[in-house]
Amino acid sequence: MTHKLETKNITMKFGDEVIIQDISIAVDQGELVSLLGVSGSGKTTLFNCISGIYHPVSGSVILDGKDITGTTGHVSYMLQKDLLLPYKTIEDNVALPLVIRGMPKKQARLKAGELFEEFGLAGTEKKYPKQLSGGMRQRAALLRTYLFSDNVALLDEPFSALDTITKGKIHNWYLDVMEKIKLTTVFITHDINEAILLSDRVYIMTGKPGQIQKEIRIKRPRGERHEFDLTNEFMEYKREIMHLLEENRS
Amino acid sequence: MKRKSASITNKINSTIYPGLTILAILLLWECLSIFEIVPGYMLPSPQETVMAFVHDFPLLMSHLKVTLIETLVGTLTGISIGFLVACLMDRWDGAYKAMYPLIVLTQTIPAVAIAPLLVLWFGYQMMPKVILIVLITFFPIVIGVLDGFRSADQDAINLMRSMGASRWQIFRHIKFPDALPNFFSGLRITVAYAVVGAVLAEWLGGFAGLGVYMTRVKKSFAYDKMFAVIFLISIISLLLIWLVNVLQKRCMPWERVETETGDRRENL
């Protein structure tokens, strides 16, 4: 069986400095995969290689069996900053990727509008970003990401700017939405809880240079993750990951 | 509710205080004239000024029309050229480097100094006035718009690029709206300057306009009429600034919406 997205032995250097080394990960259709690691372990560099902004020194990126190394426009991207444009309503912000692709504005709005309900954004269509809370803005940003490409989404610490309570709520929402839209995602985070809670598999990354230390499969089905973080099972995962990160610190 | 009534009191306060100050000054001025502390032929009383204004109203309006047309043509031309130049300078770094020092340099030449030259070159018609206004309005617009373009969020631009947006789409969706607030601040300064510029150019020669009228009444030592013109010029400047504010509110509806204060905010 071929994977949806695969990186094969990717190495990236800036000058003589090796940022990431020999990274191979694989993601299947509809899977949620996390890259967990401390800052500076090269997570974002790997993302930039996958999205084609950087061309890796060696290795390749395979999407649906095709080599897309160094080319942009195949996978969508979402950052910690929501980057919603303050002068556009939410529906226009969200529909922007469609408009850029040449779809007439009205049609783009209609198409985007169909998904507002599903993303828990109903009623915000005509509002401006500054009228929404941080959590709602990230929802809108994810919807925009999805409308750009329902292929593979790369999420770079999308929820790390939110406060703990909002974060808890948005995690539940995220699992919900992913269940419905079945988007394949790679999720960067430095939050161990978030990684365990939101993933089918977690890749532990350590630096420097950035390497994949281990791959951990979270066995509990995504549909049964309610209050998962209060269970012993969760704590076992967490302990294992913390030891791994600790061992590789020096 | 509380917030609403507070904002109304605020509004009333912000009208009452300056209103009272102006009234006090007018009263003081009136007293100066009535008790002849300053002789009447040097400082006309507010009352006399208003009388002169009413008496000369049709004449003032005919001159005002000329000045306003000059201001409008000059400002619109200045804005268009300024905007175009800003776009060029943003698009090509070479153009930026080549033109930026030159544009700053032109601002070191005082308008008062070139105005007589313009009259000598272009005569007593509308041309020298319009050119002077273009020179005055051009600078705040170029600098304002250019800064707006340059302060556009680079991450947002990168995101647009990753979605495959063209240069034009990035301009239309990000750079242009980002430059609007700066454009309007520039425009606000500009319109007030433009009226002054027009009057200044008219002083130096012309057949009609508020500046021409001013030099005429000055020669006949009609101080009350001079005050009436000054009064009219500041009213016109205020009106134009108000107009820019209205236009800005129209063009930037997102500025007016309630921000994330309490109840209006959508909670997760």
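Is Glu233(A) buried, partly exposed or exposed, and what is its relative accessible area? Glu233(A) is partly exposed, with a relative accessible area of 31%. The legends below describe a predicted model.

**View 1. A salt bridge between Arg220(A) and Glu233(A).** The closest N and O atoms of the two residues are 3.1 Å apart. Arg220(A) lies in the loop between strand S10 (211-217) and helix H7 (232-247) of chain A, whereas Glu233(A) belongs to helix H7 itself, 13 residues apart. Arg220(A) counts as buried, at 19% relative accessibility.

**View 2. A network of salt bridges in chain A.** Its members are Glu91(A), Asp92(A), Arg109(A) and Lys126(A). Within this group, Asp92(A) and Arg109(A) meet at 2.7 Å, N to O. Asp92(A) is in helix H2 (residues 90-100) and Arg109(A) in helix H3 (residues 105-113), so the pair ties together parts that are 17 residues apart in sequence. Asp92(A) is buried at 13% relative accessibility, while Arg109(A) is partly exposed at 28%.

**View 3. The hairpin of S1(A) and S2(A).** Strands S1 (residues 5-14) and S2 (residues 17-27) of chain A run antiparallel and are joined by 7 bridges. Leu5(A) has Val27(A) as its bridge partner in S2(A). There are 2 residues between the strands, and Gly15(A) takes a positive phi near 65 degrees.

**View 4. A positive surface patch on chain B.** Lys11(B), Lys249(B), Arg250(B) and Arg256(B) form the patch. Lys249(B) is located in helix H10 (residues 223-251) of chain B and counts as exposed, at 52% relative accessibility.

Terms used
Residues are numbered from 1 along each chain as its sequence is written. Chains are lettered from A and ligands numbered from 1 in the order in which they are written. This is a predicted model: local features need pLDDT of at least 70, side-chain atom pairs count only at pLDDT 80 or more; totals for chains, interfaces and linings use all residues. Side-chain values use heavy atoms; hydrogens and water are left out. Patches are made of residues with over 30% relative accessible area and no salt bridge: like charges are joined within 9 Å, nonpolar side chains (Val, Leu, Ile, Met, Phe, Trp, Tyr) within 5 Å. Accessible areas come from the Shrake-Rupley method with a 1.4 Å probe; for residues, only the protein chains shown count as cover. A salt bridge is a side-chain nitrogen of Lys or Arg within 4 Å of a carboxyl oxygen of Asp or Glu. Lys and Arg count as positive and Asp and Glu as negative; His and the chain ends are not counted. The place of a charge is taken as NZ of Lys, CZ of Arg, CG of Asp or CD of Glu. Helices (H or I, at least four residues) and strands (E, at least two) are DSSP runs, numbered from the N terminus. Buried means under 20% relative accessible area, exposed over 50%, partly exposed in between (1.4 Å probe, protein chains only). Two strands pair if DSSP finds at least two bridges between them.
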